[in-house]
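Open your viewer and get the selection tool ready.

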Amino acid sequence: MPQIAMLGSGFIARFYADSILGQRSRDKIVSVYSRRTESAGAFAMKYGCVHATTDMEVAIAHPEVDMICIALPNDLHEAAVMLCCKHGKAVMTTKPLGRTAAEARRMLEAVEKAGIFNGYLEDLVYTPKFLKALDSVQNGALGRILWAKSRETHPGPHSDWFWDLEHAGGGCILDLGCHCVEIARSFIGKDIRPVEVMCWAETQVKPIEAEDHAIGLVKYENGAIGQFEVSWTFRGGLDLRDEVMGTEGTLWINNFLRTGLEMFTTGKGADYVSEKAESNTGWLFPVGDELNDLGYNHMFTDVFNAFEQGRAPRETFYDGYVVNAILDAAYRSARTKLWEPVVLDVWRGRTGVTRDSHLTEYDQDHYLIKEETTHYGARKVILKHKTTGQITERVLS
Ligand SMILES: NC(=O)c1ccc[n+]([C@@H]2O[C@H](COP(=O)([O-])OP(=O)(O)OC[C@H]3O[C@@H](n4cnc5c(N)ncnc54)[C@H](O)[C@@H]3O)[C@@H](O)[C@H]2O)c1
């Protein structure tokens, strides 16, 4: 039963606290660090923390604390992780792990050297829809995975530091692409090496140095392709969708804008609808249980169970490092307009994986290309001769 120190009291710290205290009320946030006394105090009051401070190290070193939750701007993750190592405290951190793979690698090496528990809080690979879909994929329902696409677009983040390249480390590629990359990587197989990336990125709308819109392709060693679509300029709410295509099937997930609950209101009694919703009048798509539907509940359950059982959670700093390495290649590709290699100095998955054979035998001489029943009742097969390569069709009935 971990006793937690929350670093940060902003947007994600509150989502995390609502989830931690909501589902497993035996877990406690005992300490909170925030920049300003008032915000730390307000958070402590709301979530029943016995200790609040404006000194990060004091929160981490607090004797009652045994696990730290990092919910700070991206440029502060590394310093916070190093303090957890110094005090030998278990650590879980929000995404992205680092602003670059170099930062992420330093954090990975530090936690492993210190021998401390580490969890990477990638909630979108814990949504109930994702977990069900992943089960189906891993059971072979979709056959060999050929393409996995994930899209996260919204009208832009809620705090100043995200828009500042130095603090954030990047624009929507880093902020949202980290989710999309890990989603696609999970469907394709986390033991399959990502090899190269092609990415288009542009600052289309906002007066910022970073990109506010991007599309990328991530090629994997087994021939599968991951795709991410990210934007801070999308209008209409938070669009969170995944699509997976395999040799035996397809799946589509819509996490947010079409959840099965649709409502119209003139605006009378208007209230909060869901994260990044741009309107609370007209036709709306409220999310039934945001904490659950965004994966926070399943994520903390896995992290805390792993901590208690002395095992690694599903997502660790190593996964955060791989994601950062893929995103570094995306940034390079956006500049060079070329496929750029994913530089992974630390790789713990399989190597030399080749594409599985996908050919279907029809008879001794032919492979089957396609079988179809037409609207006029003919059953046809299209075949390729194994040695001559000739393509023919046969009408069976
Ligand atoms: N779904 C997700 O996983 C998700 C969603 C949103 C944000 N995040 C991540 O969470 C982290 C925090 O984002 P947020 O949305 O909570 O931001 P936020 O601006 O709402 O909160 C940031 C918190 O950090 C504290 N802080 C300490 N030093 C600071 C400094 N120098 N500048 C600014 N704030 C400082 C602030 O007091 C505040 O409590 C980021 O790494 C972000 O990428 C993850």
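How many buried residues are there among the 5 residues of strand β19? Select residues 391–395 to find out: the count is 0, and this strand is hardly covered. Buried here means 20 or more other C-beta atoms within 10 Å of a residue's own, exposed means 12 or fewer, partly exposed is in between, and C-beta atoms are placed from the backbone. Strands (E, at least two residues) and helices (H or I, at least four) are DSSP runs, numbered from the N terminus.

A word on the model: it is predicted, with local features needing pLDDT of at least 70 and side-chain atom pairs counting only at pLDDT 80 or more, while totals for chains, interfaces and linings use all residues. Numbering starts from 1 along each chain as its sequence is written.

Isoleucine 382 has glutamate 393 of β19 as its bridge partner. The two strands form a hairpin with 5 residues between them, and glycine 389 in the turn has a positive phi of about 80°.

Now select tyrosine 331, in helix α12 (residues 317–336). Tyrosine 331 counts as buried because it has 24 C-beta neighbours inside 10 Å. To see how far arginine 241 lies from tyrosine 331, draw a line between their C-alpha atoms: the separation is 23 Å, for residues 90 apart along the chain.

Key: Pairing = 2+ DSSP bridges.
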